[in-house]
Structures are given as C-alpha cells and as structure tokens.
Amino acid sequence: MKLSLICVGSLKERHWREAVQEYAKRLSAYCQLTIIEVKDEKTPEGASAAQEEQIRAKEGRRILEKIRDRSCVVILDIQGQRMSSELFSAEHERWETEGRGELCLVIGGSLGLSEELRARANHRVSFSDMTFPHQLMRVILLEQLYRSYRIRRHEPYHK
C-alpha cells in the first residue's frame, strides 16, 4: 500500500520531527509512507480576503501537482466528517481500496484549502472543531493511521 501525506510547510522543531519519524517507523510495517512537504506562502499582516484566496490557490496548486490521478484523496478539513478511531479505521481500509493502492492524505496551510483542492478530494475528515498547529496535526494523523492498521489487524494498542 502506498500512502502519501502531503503537507504545507516543513517541521522546524526537533520534537515534531522526532514524533513524525517515530510514527513513520511504526507505519513502515503496514505501508509505504511518503511524506511530501510543499512550500507555504507567507501571509502579509492584514491580508485581504482576495490575498488569502490567492495564497490558498498557490498552495493548492503545489499540492495538486503531487497527487496522482488514480489516488484516493482525503483532506483534513474542519467541515469534514468526524469519526471514532474504529470508524476511521474502517474508512481508511475503504479508501485504500478506492485508491487502488494509492491513498493520499492532505494537511493544508494555515489559511486552509483551495476550492480546487476541495473539488479534487474524494473524502473530507475532521478531527475536531478546534484548530491545531499543523505540526501537531501531522503527528495526530500519523498516530491515527498507525492505530487504524492495528485495529484492522486486531493487534493490541493502548487505549
């Protein structure tokens, strides 16, 4: 299974990089994980709605360039479906089948996702109504993917 995680921006702090590396190592037993970082755009102080839309569009195009045509695309979106870990695991399995072995998960930039990227998405997932730092969200998503594989294989995992 090929699983791509596309993220806007890079991890600068060591503790975030180490947490991502730990889950990437754990996931290597279940899938071929690729983490792709695309450049984030700087948002000027007091940016207008039009400027913010331009930034989302630029970041969205960078993300779309990294997505294969046949991939099943799941975006993290505050307006997406909320689910338990068990339901996420079941959906994750379905997404893998839908993508014929290529699943692409996307974490957008600080201003959110472009309309073009939303239109390309096959599914939208929300982890909460709260907003999390992108670095933390990357770790949370990888942990839930790892938990998903463990659930599907009936392997023990702490609760």
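# Notes on side-chain contacts in this predicted model

1. Cys-104 is in no disulfide either, since its nearest cysteine sulfur, that of Cys-72, is 9.1 Å off. Cys-7 is buried, at 2% relative accessible area, and Cys-104 counts as buried too, at 2% relative accessibility. Here buried means under 20% relative accessible area, exposed means over 50%, and partly exposed is in between (1.4 Å probe, protein chains only).

2. A word on the ground rules before going further. This is a predicted model, where local features need pLDDT of at least 70 and side-chain atom pairs count only at pLDDT 80 or more, while totals for chains, interfaces and linings use all residues. Residues are numbered from 1 along each chain as its sequence is written, and side-chain values use heavy atoms, with hydrogens and water left out.

3. Now the core. The largest nonpolar core has 27 residues, and within it Leu-105, Leu-141 and Leu-145 touch the most other members. A nonpolar core is a set of buried Ala, Val, Leu, Ile, Met, Phe, Trp, Tyr and Cys residues joined through side-chain atoms within 4.5 Å. At least two residues of this core come from each of β1 (2–8), α1, β3, α3 (85–98), β4 (102–107) and α5 (134–152). The biggest giver is α5, with 7 residues. Those element names follow DSSP runs, numbered from the N terminus: helices are H or I with at least four residues, strands are E with at least two.

4. Leaving aside residues up to four places away in sequence, Leu-105 touches Leu-3, Ser-4, Leu-5, Ile-6, Val-74, Leu-141 and Leu-145, where contact means heavy atoms within 4.5 Å. There is also a second, separate core of 13 residues, with Val-8, Ile-75, Val-106 and Leu-113 among them.

5. On to charges. Side chains of opposite charge can pair when their charged atoms come close. The structure holds 20 salt bridges, each one a side-chain nitrogen of Lys or Arg within 4 Å of a carboxyl oxygen of Asp or Glu.

6. Which residue does Asp-77 pair with in a salt bridge? The partner is Arg-118, and the closest N and O atoms are 2.5 Å apart. Asp-77 belongs to strand β3 (residues 72–81) and Arg-118 to helix α4 (residues 115–120), so this bridge ties together parts that are 41 residues apart in sequence. Both Asp-77 and Arg-118 are buried.

7. Glu-18 and Arg-14 form a salt bridge with their closest N and O atoms 3.1 Å apart. They are 4 residues apart in helix α1 (residues 14–27), so about one helical turn separates them. Glu-18 is partly exposed, at 41% relative accessibility, while Arg-14 is exposed, at 58% relative accessible area. Lys-42 and Asp-40 form a salt bridge as well, with closest N and O atoms 3.9 Å apart. Lys-42 is exposed at 63%, and Asp-40 is partly exposed at 27%.

8. Last, the rings. The structure holds 5 aromatic pairs. Rings of Phe, Tyr and Trp (its six-membered ring) pair if their centres lie within 6.5 Å; planes under 30 degrees apart count as stacked, over 60 as edge-to-face and the rest as tilted. Tyr-30 and Tyr-146 have ring centres 6.1 Å apart and planes at 65 degrees, so they make an edge-to-face pair. With Tyr-30 in the loop between α1 and β2 (32–38) and Tyr-146 in helix α5, the pair ties together parts that are 116 residues apart in sequence. Tyr-30 is buried at 12% relative accessibility, as is Tyr-146 at 9%.

9. The Phe-88 and Phe-127 pair is tilted, at 6.0 Å centre to centre with 55 degrees between the planes. Phe-88 lies in helix α3 and Phe-127 in the loop between β5 (123–125) and α5, 39 residues apart. Phe-88 is buried at 3% relative accessibility, whereas Phe-127 is partly exposed at 28%. Back among the tyrosines, ring pairs link Tyr-23, Tyr-30, Tyr-146 and Tyr-149 into a cluster.

Notes
A disulfide is a pair of cysteine sulfur atoms within 2.5 Å.
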